[in-house]
Amino acid sequence: MEKINERDLEWKTYDREETTFRRKELSSAVDADELGCSCYELPPGMRSWPYHYHTANEEALYVLAGDGQLRTEDGPVSLTAGDYVTLPADESGGHRVVNDGAEPLRYLAISTMNEPDVTVYPELNKLGVFVGSPPGGRDERSLEGYYEMDDDVPYWDA
C-alpha cells in the first residue's frame, strides 16, 4: 500500500485557449499500475480535454466542488458536487467537462489503465494510438501518435 495526500502534490497547468485546467496525478504519485486517478480543477468558463472517448479504458468522474456540465453523446448533463458519472470504453462514453459555473470546478477522474488504447476525437476527426503505456500512463510507449480518421489506406497498399 502507498499513500499520498493531494496537498503534497504540485499542480500541472494545461493552457490551450478554452482548454485550461490544472491537474494533480494522484495515481502516478503512488506508482499505481492498473488504476489511474487525477484531481482536476477547471476555472469558470473553461473546458477539459477535447471531446473524446476511449476504446479500451473505462473512466469515471466524481465532482468534489463547483458546478458545470458534462458534454456527452446524448447532450449536456449537469454536474454538481457529489455527482459520480461512469463513462464506458466506447462511443457512448464520449465526454468533455465544461465549467459553466461561477466558481472553480474540481473533480476526480478515475480510469482503468489498459493498453493498447485508441482514443477517438470525433469533433476533431482524429484518433490517438497508445501502445506500451495507456493514456495518462507514465511508462515509455512503443507506439504513440495522432492520426486523421480519414487517412485510411487499403490493407495491401505499401
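I listed the contacts of Thr119 (heavy atoms within 4.5 Å), and, leaving aside neighbours within four places in sequence, I found His52, Tyr53, His54, Lys126, Leu127, Gly128, Phe130 and Pro135. This is a predicted model, in which local features need pLDDT of at least 70 and side-chain atom pairs count only at pLDDT 80 or more, while totals for chains, interfaces and linings use all residues. Residues are numbered from 1 along each chain as its sequence is written, and side-chain values use heavy atoms, with hydrogens and water left out.

I placed Thr119 in strand β11, residues 117-121 (strands are DSSP runs of E, at least two residues, numbered from the N terminus). Thr119 is buried, at a relative accessible area of 1% (buried means under 20%, with a 1.4 Å probe and protein chains only). I then noted polar contacts (N or O atoms within 3.5 Å, one able to donate a hydrogen and the other to accept it) from the Thr119 side chain to the side chains of His54, at 3.0 Å, and Asp117, at 3.1 Å.

Next I turned to the nonpolar cores (buried Ala, Val, Leu, Ile, Met, Phe, Trp, Tyr and Cys residues joined through side-chain atoms within 4.5 Å). The largest has 14 residues, and Leu42, Leu61, Leu70, Val97 and Tyr107 have the most contacts inside it. I saw that β3 (35-42), β5 (59-65), β8 (84-87) and β10 (105-112) each supply at least two residues of this core, with β10 giving the most, three. I also logged a second, separate core of five residues, including Leu9 and Cys39.

Definitions and conventions. Helix = DSSP H or I, 4+ residues; strand = E, 2+ residues; numbered from the N terminus. Buried < 20%, exposed > 50% of the residue type's maximum accessible area, 1.4 Å probe, protein only.
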